[in-house]
Amino acid sequence: MAHSKALLVLENFIGGKFVPCSSYIDSYNPSTGDVYCRVPDSGKEEVEAAVKAAKDAFPIWSSKSPLERSQILNKLADLIEHDLEEFAQAESKDQGKTITFARTVDIPRAVHNFRFFASSILHHVTECSEMPAMGCVHYTSRAPVGVGVPPGVVNVVFGTGARAGEALVCHPDVPLISFTGSTRTAQRITERSAPHCKRLSLELGGKNPAIIFDDADLSQCIPTTVRSSFANQGEICLCTSRIFVQRGIYSEFLKRFVAEAKKWKTGNPSDPTIDVGALISKEHLEKVRTYVKKAQAEGARVLCGEGVDPLALPPGNQKGYFMLPTVIAEVKDESCCMQEEIFGPVTCVVAFDTEEEVIRRANGVKYGLAATVWSGNVGRVHRVAHRLQSGLVWTNCWLVRDLNLPFGGMKASGIGREGAKDSYEFFTEVKTITIKH
């Protein structure tokens, strides 16, 4: 990377070296609205160089033992942890998220993930089956499909989906694609990669319900559901955006939930007392605001946040892309606010009467990523969890993750799963070998 007139200029990282690009794109600091760096606008040429570097590095890297690879992953974790504060500052500035979130969640999680998989790769076993009558024994072996850290193993190519993304997805020497993003982009990836029969892992959007029964512990439920709605400005695919509350406690829940949401402070992300930072871009802020306006036009009530409460920002953040935590009530199930992923600090609260009804309504969207269920009835918790069309169901908690277990969504929320076993299977090619003796 280089600095030009105090403006950060990023470069691609290909074959173990930083490589400049012929054209660049402006990148904005979401909290100020100012251009703070320039990133490469890569295309086919840069992608070709990265794929070649990866192919050249593959034989050496893939032949390394699990122990050697484990040591490299642990070293990476140590390096990230050593510079945790620097990474947190950079992440907060680039994404608009609070420094607190980057410092306590994002970067530590990256460290944890590297260490988890560094350990996990040491404990995989292959299958073996004997057929004595045939005098045969079968076993499986797994070979890496992708690459992992000496020069050429990891390559970073910046660019837009239309240029860099398209070139990567269509490249005949890229055997698999792991993508996290919107369902619409995933449809394009699926279409473009289909002629090459590429393996896909797609972690996509969600319209995640929280179902709150009248026996829920509201002292735990309300602060957790506020967090699941507004953490990271609602820009987490797992955030809650539809809250179904049983009618007997609906009024009490709404009153307490709105009061708790109003306590969340919005402002300069570098202030450690701030709960809500800036949204990722000006365009996205406008998109999220449009959803709130549509809800109001349909007759829904905005109880706090956008257009209701004043947003006071420091002088340096007046042009930033900020929005207050927004709670909408009396929204119809068919409304776009209840059907489409908003991906911002907006959540809708509606009432329900019966268990059967709420399961039907919770499942009544095209997505199926995550859900939360709040109840003190263990039998009900199991019943509802089994019937929800969601890849993840949390009960009486949110965002508690075990990397050993599968992670991913149903329906339009994705294809495939991540996790110790699932990632191992996705990123390796299995071969069955039969030996007759």
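This is a short walk through some local features of one protein structure.

A word on the source. The model is predicted. Please keep that in mind throughout.

Let's start with T32. Where does T32 lie? The residue sits in the loop that runs between β5 (24–29) and β6 (34–40). Is T32 buried or exposed? T32 has a relative accessible area of 17%, and buried means under 20%, so T32 is buried. What does its side chain reach? The backbone nitrogen of D34, at 3.2 Å. Now look further along the chain. With neighbours within four places in sequence left aside, T32 is in contact with G316, N317, K319 and G320.

Next, the aromatic rings. How many aromatic pairs does the structure hold? Seven. Take F13 and F18. Their ring centres are 5.1 Å apart, and their planes meet at 55 degrees. Planes under 30 degrees apart would count as stacked and over 60 as edge-to-face, so this pair is tilted. How open are these two residues? F13 is partly exposed, with a relative accessible area of 25%. F18 is partly exposed too, with a relative accessible area of 49%.

Now a second pair, F230 and F257. This pair is also tilted, with 6.4 Å from centre to centre and 35 degrees between the planes. Which helices hold the two residues? F230 belongs to helix α7 (residues 218–230), and F257 belongs to helix α8 (residues 247–262). They are 27 residues apart, and the pair links distant parts of the chain. F230 is buried, at a relative accessible area of 0%. F257 is buried as well, and its value is 0%. There is a wider group here. F230, F253, F257 and W264 make up one aromatic cluster.

Rings also meet charges. Find R380. Its charged end sits over the ring of F213, 4.2 Å from the centre of that ring. Then find R199. R199 lies over the face of F426, and the distance to the ring centre is 6.0 Å.

R199 takes us to the strands. What is the bridge partner of L176 in β10? R199. So how do the two strands run? Strand β9 (residues 176–180) and strand β10 (residues 199–203) run parallel, joined by five bridges.

To close, go back to R199 on the screen. R199 is the bridge partner of L176, and R199 also lies over the face of F426. Thank you.

Terms used: Residues are numbered from 1 along each chain as its sequence is written. This is a predicted model: local features need pLDDT of at least 70, side-chain atom pairs count only at pLDDT 80 or more; totals for chains, interfaces and linings use all residues. Side-chain values use heavy atoms; hydrogens and water are left out. Helices (H or I, at least four residues) and strands (E, at least two) are DSSP runs, numbered from the N terminus. Buried means under 20% relative accessible area, exposed over 50%, partly exposed in between (1.4 Å probe, protein chains only). A polar contact is a pair of N or O atoms within 3.5 Å; within protein, one must be able to donate a hydrogen and the other to accept it, and residues adjacent in sequence count only if both atoms are side-chain atoms. Contact means heavy atoms within 4.5 Å. Rings of Phe, Tyr and Trp (its six-membered ring) pair if their centres lie within 6.5 Å; planes under 30 degrees apart count as stacked, over 60 as edge-to-face and the rest as tilted. A charge sits over a ring if NZ of Lys or CZ of Arg is within 6 Å of the ring centre and within 35 degrees of the ring normal. Two strands pair if DSSP finds at least two bridges between them.
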